[in-house]
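Take a look at the model below.

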Amino acid sequence: MKVRMEWVYKTPRGAEMEFYSDEVPAAQALLFAEDMERTGRLKQVTFVDRFDSSWTVKELKGYLKGIETEPHNVTVYFDGGYDRETKSSGLGCVIYYEQNGKAYRLRRNAPATGLESNNEAEYAAMHLGLQELDLLGVHHLPVRFIGDSQVVINHLNGEWPVIERDLTGWADRIEGKLSKLGIQAEYELVPRKMNGEADRLATQALSGVEIQAVIELVGD
């Protein structure tokens with residue numbers, strides 16, 4: 001979760017001024033707040049998340065402690081491919097998350113039948129990502145969903161209306177799953193070249209190569 005800080009600074013002579021920060025990871029914001037508190041000049045501090053909910057220092061500490069052992073800082077990349085000749089589809093998703101102080105990457109793909117278009121395959125790929133989040137135990141957290149499908153991203157973020165009946169069903173299914181898990185979805189549209197991992201997984205699924213793997217990401 002990312003938050004912005006709003007705080008009141010008080011000088012030794014009693015003058016006060018309000019300050020506002022850019023959006024930063026919650027743990028980083030808490031670190032700065034605690035450091036400023038040690039100066040004795042921090043009169044008041046509030047953290048505001050992307051949904052305009054306010055948090056106190058105590059509340060933010062409790063939140064961070066509560067999610068430490070659960071998957072958090074979750075980002076999902078998704079992509080779907082559709083073969084018109086065979087009317088078969090390949091779905092791919094890549095999930096990055098943190099848990100117990102470590103970073104992980106989950107890769108998952110799957111073949112699919114019964115879909116009628118590439119747009120349906122894209123929706124199905126995102127739904128595959130949601131199923132994996134459910135299995136991971138991700139709930140009541142903000143999650144970033146990143147894809148290269150203008151249709152899916154713009155439908156789900158409310159920019160475009162969903163007119164096609166088959167896509168309406170997928171959109172409703174995804175919104176229902178998000179609500180059930182309590183996930184606060186944030187959507188980001190990226191060029192295809194920035195969605196390469198999910199794209200390769202979808203292509204491999206179309207070729208009959210199924211992948212399901214989780215690895216720990218170790219920094220340099």
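Begin with Ala-26. Leaving out residues up to four places away in sequence, Ala-26 touches Met-1, Lys-2, Val-3, Leu-60 and Leu-64. This is a predicted model, so keep that in mind throughout. Ala-26 lies in helix H1, which covers residues 26-37. Is Ala-26 buried or exposed? Its relative accessibility is 2%, and buried means under 20%, so Ala-26 counts as buried. Tyr-63 is 37 residues away from Ala-26 in sequence, yet their C-alpha atoms are 9.5 Å apart in space.

Now move to Leu-42. Leu-42 sits in strand E4, residues 42-49. Its relative accessible area is 15%. That value falls under the 20% cut-off, so Leu-42 is buried too. Which residues does Leu-42 contact, once neighbours within four places in sequence are set aside? They are Trp-7, Val-8, Ala-33, Met-36 and Glu-37. Asn-100 gives another distance to check: Leu-42 and Asn-100 are 58 residues apart in sequence, and 31 Å separates their C-alpha atoms.

Next comes the core. In soluble globular proteins, nonpolar side chains tend to be buried together. Here the largest nonpolar core holds 54 residues. Phe-47, Leu-133, Phe-145 and Ile-183 touch the most other members. Helix H3 supplies the largest share of this core, with eight residues.

Follow Ile-183 to see its surroundings. Neighbours within four places in sequence aside, Ile-183 is in contact with Leu-130, Leu-133, Val-138, His-140, Leu-141, Val-143, Phe-145 and Leu-178.

Just after H3 comes Gly-137, with a positive phi of about 90 degrees.

Finally, step back to the whole protein. Its secondary structure comes to six helices and 11 strands. The C-alpha atoms fill a box of roughly 75 × 40 × 30 Å along the principal axes. Of the 220 residues, 43% are buried. Among contacts with a separation of 6 or more, 69% join residues 24 or more positions apart. The accessible surface is about 12400 Å², and carbon and sulfur atoms account for 48% of that.

Technical notes: Residues numbered from 1 in each chain as written. Predicted model: local features only at pLDDT ≥ 70, side-chain atom pairs only at ≥ 80, totals over all residues. Heavy atoms only, no water. Helix = DSSP H or I, 4+ residues; strand = E, 2+ residues; numbered from the N terminus. Buried < 20%, exposed > 50% of the residue type's maximum accessible area, 1.4 Å probe, protein only. Contact = heavy atoms within 4.5 Å. Areas by Shrake-Rupley, 256 points an atom, 1.4 Å probe, with all protein chains shown as cover. Core = buried A, V, L, I, M, F, W, Y, C linked by side-chain atoms within 4.5 Å.
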